[in-house]
Amino acid sequence: MAAPMIPPDHAPAFLAAHGWGDARILPLAGDASFRRYFRVVGEGRQAVLMDAPPPHEDPRPFIAVAEWLCEQGMTAPAILARDLAQGLLLIEDFGDVRLRETLDARPAAEAEFYAGVTDLLVHLHARPAMPGLPVHGIEQWLDEVMLFTDWYCPALDLAVDRDGFRAAWQAALAPVEQDGLPRVTVLRDFHAENIMLVDGRSGIEHFGLLDFQDALVGHPAYDLASVLEDARRDVTPTVEAAMLDRYVAATGQGTAFRAAYWALAAQRNTRILGVFVRLWKRDGKPGYRQFQPRMWGLLERDLAHPALAPVKKWFDDNVPAAKRAAAWSE
């Protein structure tokens, strides 16, 4: 179940020890994990308190990736104070202007903002991958898509060919694994709700990055697919196509990158269909069901690409239309 938005008992002492003893602690957000976030408001200043309770969460990856991103010229929260034993971090507050709500209010600016986000990925991918991160390759891609057969299908009483599912994905993803493109730092949860617009900063530094503690070393197409095939908002297909072109033009990538983009978009969307059901069934977070129709729409479009023919055939043979998006909108 989701943790209540009440600060942990040890938070006031932590804040007092670091000069924030008189600050108020206000609920800010929770997410799909055990992490919770609070805004700490003092006189003329504010920060964010991250509660990442052990043993469920470990804030050290967040710290390491945040510091590395800043060293690479990007905007991640500065770490103001830490207590690793209790899972508490005090971090820089980027404010309340998030890309998601900005795009909702200013749809005509969609291409402009996504151009900046695409340029950020070009910048990130031009640098050697962050040392020490786990690898995100075909074994991980295959294990992740199995969340669909292990969680989504049982929830809808679907008896499916599990071995055939993995074999179909193996056929579709093997060329991506072997395409020879350089592997890069993958932020993994890169989408409009994890990108802040930071006042007073320009260029790629205008985009404040959040929720990157699960960063990996993987394929350069993954994060572009993540942000352009967003589970939480509809990206205009013409904007998606333009940003794919923009990335290819900036990096010199070609056919192999485009093929990988659609394959990894399909892989990610299939994984998310399973993850959202797991969040509902296992973790008591039914709200994620609202995104399932969008995920199906994205996946159906991805599967239309010829390289995904084995996967499309499996879905056509095993998941009737009535068990796709319609099942979540009733």
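In helix α5, the residues I138, W141, L142, E144, V145, M146, L147, F148, T149, Y152 and C153 are buried, where buried denotes a relative accessible area under 20%, exposed over 50% and partly exposed the range in between, for a 1.4 Å probe and protein chains only. The model is predicted, so that local features need pLDDT of at least 70 and side-chain atom pairs count only at pLDDT 80 or more, whereas totals for chains, interfaces and linings use all residues. Residues are numbered from 1 along each chain as its sequence is written, and side-chain values use heavy atoms, with hydrogens and water left out.

Helix α5 comprises 18 residues, 138-155, and reaches 26 Å from its first C-alpha to its last, close to the 26 Å expected at 1.5 Å a residue. The expected span is 1.5 Å times one less than the number of residues; helices (H or I, at least four residues) and strands (E, at least two) are DSSP runs numbered from the N terminus. The buried residues of α5 pack against α6 (162-177), α9, α10 and α11 (309-318), contact being defined as heavy atoms within 4.5 Å. Just after α5, D157 adopts a positive phi of about 55°.

Rings of Phe, Tyr and Trp (its six-membered ring) pair if their centres lie within 6.5 Å, and planes under 30 degrees apart count as stacked, over 60 as edge-to-face and the rest as tilted. F148 and Y152 are separated by about one helical turn, because they are four residues apart in α5. An α-helix has 3.6 residues a turn, so residues three or four places apart point the same way. Both F148 and Y152 are buried. A further stacked pair is formed by Y247 and F257, whose ring centres are 4.6 Å apart and whose planes lie at 15°. Y247 belongs to α8 and F257 to α9, so this pair ties together parts that are ten residues apart in sequence. The relative accessible area is 2% for Y247 and 0% for F257. In total, the structure holds 17 aromatic pairs.

Apart from neighbours within four places in sequence, F315 contacts F148, F165, W169, T270, W296, L299, L303 and R324.

The structure holds zero disulfides, a disulfide being a pair of cysteine sulfur atoms within 2.5 Å. C153 is buried, at 1% relative accessible area, whereas C70 is partly exposed, at 36%.
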